[in-house]
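Here are my notes for a first look.

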Amino acid sequence: MELKAKSLKELYEKDFYLWVQENLRLLKNRKYELVDWENLIEEIEDMGRRYLDSVVSLMAVILEHLYKWEHFRYNEYAGHGWIKSINNARKDLRTIFKRHLSVEVKAQEKENIQTAWELAVYSLIDWFKEPRNQDLAKKYFGKLPTEKDFSQECPYTFQQVMEYKPWVKL
């Protein structure tokens, strides 16, 4: 069954898996004129973005937990889960960087670190909204914090995202 270009574009909206299989068959058979190039190009762009999105998300987790450790650790027992989270996120980042070398270069760009910081700030704000943390919000801010209560610029470098361990006292 060979689909025409118009019906292939319609298939993209109705049955993505079949759309992929059909485009793959066309490419393997070198029937390039029938491929749904417009949607295929968009999907390839999305595939590349997914890795960078994952990296930014992992960096946001690290930034959030580094910041909590340094600024909101209310007793000596608090924050050990943050360390575990940071270590796990760093391990996941190293795995992505090992498999996709250029993603590490992209992750170091200021705009991506800044985006990760902005996501971390949103998570921090949400964390303070949790009932168990509202007393901490009052203690540190006198209110529930907003974006304005945090640095607009990321206070950490990429190297710190990957290596900084403020809990190590050697």
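1. Start with helix H3 (37–71) and helix H6 (residues 110–129). In this predicted model, the axes of H3 and H6 come within 7 Å and cross at roughly 55°. The two helices are therefore oblique to each other. The crossing of H3 past H6 is right-handed.

2. Which residues of H3 and H6 make the contact? H3 brings Leu-52, Val-56, Met-59, Ala-60, Leu-63, Glu-64, Tyr-67 and Lys-68. H6 brings Asn-112, Ile-113, Thr-115, Ala-116, Trp-117, Leu-119, Ala-120, Ser-123, Leu-124 and Trp-127. By class, the contact holds 13 nonpolar, three polar and two charged residues.

3. Now look along H6 itself. H6 has 20 residues and spans 29 Å from first C-alpha to last. That is close to the 28 Å expected at 1.5 Å a residue.

4. Check what is buried in H6. The buried residues are Asn-112, Ile-113, Gln-114, Ala-116, Trp-117, Ala-120, Val-121, Leu-124, Ile-125, Trp-127 and Phe-128. Their cover includes H3, helix H4 (80–99), helix H5 (101–107), H7 and helix H8 (158–163).

5. Keep the helix repeat in mind here. An α-helix has 3.6 residues a turn, so residues three or four places apart point the same way.

6. Finish with helix H7 (residues 134–141). The axes of H6 and H7 come within 6 Å and cross at roughly 115°. Trp-127, Phe-128 and Lys-129 of H6 meet Gln-134, Leu-136, Ala-137 and Phe-141 of H7. This contact divides into five nonpolar, one polar and one charged residue.

How values were computed:
Residues are numbered from 1 along each chain as its sequence is written. This is a predicted model: local features need pLDDT of at least 70, side-chain atom pairs count only at pLDDT 80 or more; totals for chains, interfaces and linings use all residues. Side-chain values use heavy atoms; hydrogens and water are left out. Axes are lines fitted to C-alpha atoms, for helices over the stretch in contact, and angles run from 0 to 180 degrees between N-to-C directions. Helices (H or I, at least four residues) and strands (E, at least two) are DSSP runs, numbered from the N terminus. Contact means heavy atoms within 4.5 Å. Ala, Val, Leu, Ile, Met, Phe, Trp, Tyr, Cys and Pro count as nonpolar, Asp, Glu, Lys and Arg as charged, and the others, Gly among them, as polar. The expected span of a helix is 1.5 Å times one less than its number of residues. Buried means under 20% relative accessible area, exposed over 50%, partly exposed in between (1.4 Å probe, protein chains only). Angles under 35 degrees count as roughly parallel, over 145 as roughly antiparallel, 65 to 115 as roughly perpendicular and the rest as oblique. A crossing is left-handed if the near helix is turned anticlockwise from the far one by less than a right angle, and right-handed if clockwise.
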